[in-house]
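Welcome, and please open the model in your viewer. We will go from one selection to the next and see what is there.

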Amino acid sequence: MSNLKKTAVAVLALGSSAVFAGTMGPVCTPGSVTVPCEKSAWDFGAKALYLKSMLDADLGYAGADLFVGVGTPFPITLDVRDNDWNADWGWGFMLEGSYHFSTGNDLNLNWYHFSKTTTQNRNLFGVFTPAGDIVFPGRFSLEPKWDAVNLEFGQHVDFGEFKNIRFHGGVQYARIEHDGSAIVGTNLVDDLTIGLRSNMRFNGFGPRIGADMSYDWGNGFGIYANGATALLAGTSKYDLNAAVAFDGDLLVAARRTGSKDAMVPEIEGKLGATYTYAMAQGDLTLDVGWMWANYFNAQHARILLGSQESDFSVTGLNFGAKWVGNVA
């Protein structure tokens, strides 16, 4: 009996210690990381882009309204109002084509294009006196142009049943240009006109890497988050022209140009959702999302003795479709 009691006490002690120490619980088995089976396919896609362009730093302002108030006889007051260049939204497009081969590899070529002219009217300068006001009204126009061509080699990897990432690397060629103009008049002297024209442009080429991450909800629906970055080496140029005319006759004309080598980093991101419909001759994927892209210090100019530089950015909506057809 004594031995039986000792055995029971030992069992209870072990059991209670296990309770207090805790149990290991369920074991989490990680999902397998795989690549798709070997196959060959082509895809073709197109997207509409509805974008807004932006400049920053010195070039982000469309100029300053300088208002001078003159009292009787004093004081004289100055009021300077910087104007943000609030560009209009505009349409662009993206075209792409890919060849899929081996176990999840692809070679993709895509082209982004965007341009939109924004025109604004404002007074560039004003003098307000008790005897009457003098203003210099201006009409300003700016047209950004953006082209980016990417050649990518990709590798598709599946992380379990629902998650997948397409890693890609390749090259990008980018062309960024701004055509600007301004016509400034005055009600102080009739037929006195000041005209300005400008052109800033960058052309660059360099390596690009990124990752396209997606989560498949099932029934054809999915969401994605894509990111990429590039480093472009190229040339940044500018051309500024100014003229002063009275009654149609040219009084003064001036021009300033410049060119420099430039290294421009670029970063971009996309968020969106897709729906894929399986067809008899392939898959059709509908895509809608939002995109951001920024080129650091891609535009520059020199005015008088100073130098001005600015990033170039675009952001906005993109939507379209892509068809993938297997090669027999």
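A salt bridge here is a side-chain nitrogen of Lys or Arg within 4 Å of a carboxyl oxygen of Asp or Glu. With that in mind, start on this predicted model by selecting Arg175 and Glu177: they form a salt bridge, with the closest N and O atoms 2.4 Å apart. Arg175 is partly exposed at 26% relative accessibility, whereas Glu177 is buried at 11%.

Next, select Lys260 and Glu309, another salt bridge, whose closest N and O atoms are 2.4 Å apart. Lys260 belongs to strand β12 and Glu309 to strand β14 (residues 306-326), so this pair ties together parts 49 residues apart in sequence. Lys260 is partly exposed, at 31%, and Glu309 is partly exposed, at 26%.

Now pick Glu152 and Arg208, whose side chains meet in a salt bridge (2.3 Å, N to O). Glu152 sits in strand β8 and Arg208 in strand β10 (residues 192-218), so parts 56 residues apart in sequence are tied together. Glu152 is buried, at 6% relative accessible area, and Arg208 is buried too, at 5%.

The whole structure has 12 salt bridges.

Where does Lys270 lead next? Lys270 and Glu268 are among the residues lining the largest cavity, which holds about 60 Å³ of space.

Conventions. Residues numbered from 1 in each chain as written. Predicted model: local features only at pLDDT ≥ 70, side-chain atom pairs only at ≥ 80, totals over all residues. Heavy atoms only, no water. 1 Å grid on protein atoms, 1.4 Å probe; cavity = no way out; pocket = protein on both sides within 12 Å on 5 of 7 lines; lining within 4 Å. Points joined across faces, edges and corners; volume = space filled by probe spheres on them. Helix = DSSP H or I, 4+ residues; strand = E, 2+ residues; numbered from the N terminus. Buried < 20%, exposed > 50% of the residue type's maximum accessible area, 1.4 Å probe, protein only.
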